[in-house]
Amino acid sequence: MPNEKGNEYQPLLNNIKESKRKFKFPNKSLLLAVCAACIGGTFQYGYNISIINAPTKSVQNFINQTWLERYETNISEQALTLLWSTIVSIFTLGGFIGASIGGTLSIKLGRKGTLLANNIFAILAAVLMGLSQPTGLFELLIIGRLLTGINAGIGICVQPLYLGEIAPTPLRGAMAMGTSIFITGGILTGQVMGLKELLGKEEHWPILLSTTCIPAILQLLVLPCFPESPRYLLIDRGDDEGCKNALKRLHGTDNCDSEKEDMERERIMAAGVQAKKPWELFADRSLSWQLLTIVLLNSAQQLNGINAIYFYADYVFKQSGIPDDKIPYATVGTGACECITALTCGLLIESLGRKVLITGGYVLMGICCILFTLTLTFQAASPLVPYLSMACVFAFILSFGLGPGGVTNILNTELFTQTTRPAAYMIAGSVNWFSFFLVGMLFPFIVTGLQQYCFLVFLVICCLVAIYIVLVVPETKNKTFLEIHNEFQSRDKRKASGTDGPRTTLLSTPL
């Protein structure tokens, strides 16, 4: 009987392998769908992280002026710092809320439907922040930033889910790199928009913060032209005809048959199984390695030192002799560096694979941590040392973009099947946002206490994560979701076999 089942699936496996060899370039419709999903998704995440930096002084002046008009006294330094910190950090609270509900919404509204509905938060946030100055209500900035956080949290949860499900297996990594490319593109755009030549002047800050509505409106106009995730239509909704039409549009008529067959296999496996909740994933021991992997990688994405690099960047640029008024342009250079690296990762990921890139990224970041600690310690030893520090800043950003920044979100998609993927994204997103918040709260104390030696802590984190990836995480390039799932299952069976010895052999012997 086992041999008959193996023979039954052999033609299907051959078709999938043949499709992998033939399919090289993405369909134009697929590329445009990726752009349409990303412009209102992870682009907003990157844009709203960077755009708040430029108007810092302008917004603080507005708060002080408003306080004076209300209470006829100047606001205290502590209260001003508290209000500004709240405006900045409440974005992470919104992101955590968005990530917590994103997976559930993606099941009820669909991947595309959730992305479209999510734009309501961005538009409402833009209106509130734009009205804050005319109305004299700085509280609207707090509410607006909370809403932009919810928008970013849902976007960074659902958009990679959509990209991973619309892409054919051989191009899943390259298409999913749209997440990283548009995050870095959003950061770079925010940095450019904040320059004084554009909207960086004091009187323009309400307009600057309101521009978050532009990507939302673009997505509302463009994304409806593209289909829902074929995998969602077939497996979650049972819409066979809708799935076929979506595949033809996204993959082309010559390349959709094997993908459809792979989805059919997954549908058969998931027959009668409802989409799981996050707590049900923790109760399922067969998913323990996958869950541990995404929790570790998503926390490490925030705790690996990238935030410390950006914190020290201004100091390094000053020490290198760059004038204060030119530092914003050097900061734009770091954003451009990260964006170019994300594009490079997208070109390399299908040839080198996920495991090589993310492991190599963490190893290179560890080396940069050592070099950066040395250059900061001996900053005054030679006029050349500050330039070496600047080189370390760019090298670290390049290493992050090449590995953890690009590959982590792809693994969130690939390590799970259709019924567990939305819940996995909710867990991964919540861990990522909580780590983001934790870094924001603890990082100033770490820097104050350890100064440049804080990078030795990040060195340990990078090394431990690299070792874990080498030992545990399989290469997922050119593998279907079921093949990856079965690889983890085989690992668990081998482990159980080694632990139980002859008893497992007896239980697995057919009657």
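The cut-off for buried is under 20%. Keep in mind that the model is predicted.

Now show the surroundings. Gln60 sits in helix H4, which covers residues 56–71. Leaving aside residues up to four places away in sequence, Gln60 touches Leu80 and Trp84.

Next, the core. Select Ile63, Tyr162, Tyr362, Phe372 and Phe455. These residues touch the most other members of the largest nonpolar core, which has 111 residues. Then colour helix H7, residues 139–166: this helix supplies the largest share of that core, 12 residues.

Zoom in on Phe372. Beyond residues up to four places away in sequence, Phe372 touches Ile309, Tyr312, Val316, Ser389, Cys392, Val393 and Phe455.

Now pick Ala152, Ile187, Trp433 and Phe436. They are among the 9 residues of a second, separate core.

Select Phe96, Phe434, Phe437, Leu438, Met441, Leu442, Phe445, Ile446, Leu450, Tyr453, Leu456 and Val457. Together they make a nonpolar surface patch of about 1100 Å². Two elements give two or more residues to this patch: helix H22 (421–450) and helix H23 (454–472). Helix H22 gives the most, with 8 residues.

Last stop: Met441, in helix H22. Is Met441 buried or partly exposed? Its relative accessible area is 46%, so Met441 is partly exposed.

Technical notes:
Residues are numbered from 1 along each chain as its sequence is written. This is a predicted model: local features need pLDDT of at least 70, side-chain atom pairs count only at pLDDT 80 or more; totals for chains, interfaces and linings use all residues. Side-chain values use heavy atoms; hydrogens and water are left out. Helices (H or I, at least four residues) and strands (E, at least two) are DSSP runs, numbered from the N terminus. Contact means heavy atoms within 4.5 Å. A nonpolar core is a set of buried Ala, Val, Leu, Ile, Met, Phe, Trp, Tyr and Cys residues joined through side-chain atoms within 4.5 Å. Buried means under 20% relative accessible area, exposed over 50%, partly exposed in between (1.4 Å probe, protein chains only). Patches are made of residues with over 30% relative accessible area and no salt bridge: like charges are joined within 9 Å, nonpolar side chains (Val, Leu, Ile, Met, Phe, Trp, Tyr) within 5 Å. Accessible areas come from the Shrake-Rupley method with a 1.4 Å probe; for residues, only the protein chains shown count as cover. A salt bridge is a side-chain nitrogen of Lys or Arg within 4 Å of a carboxyl oxygen of Asp or Glu.
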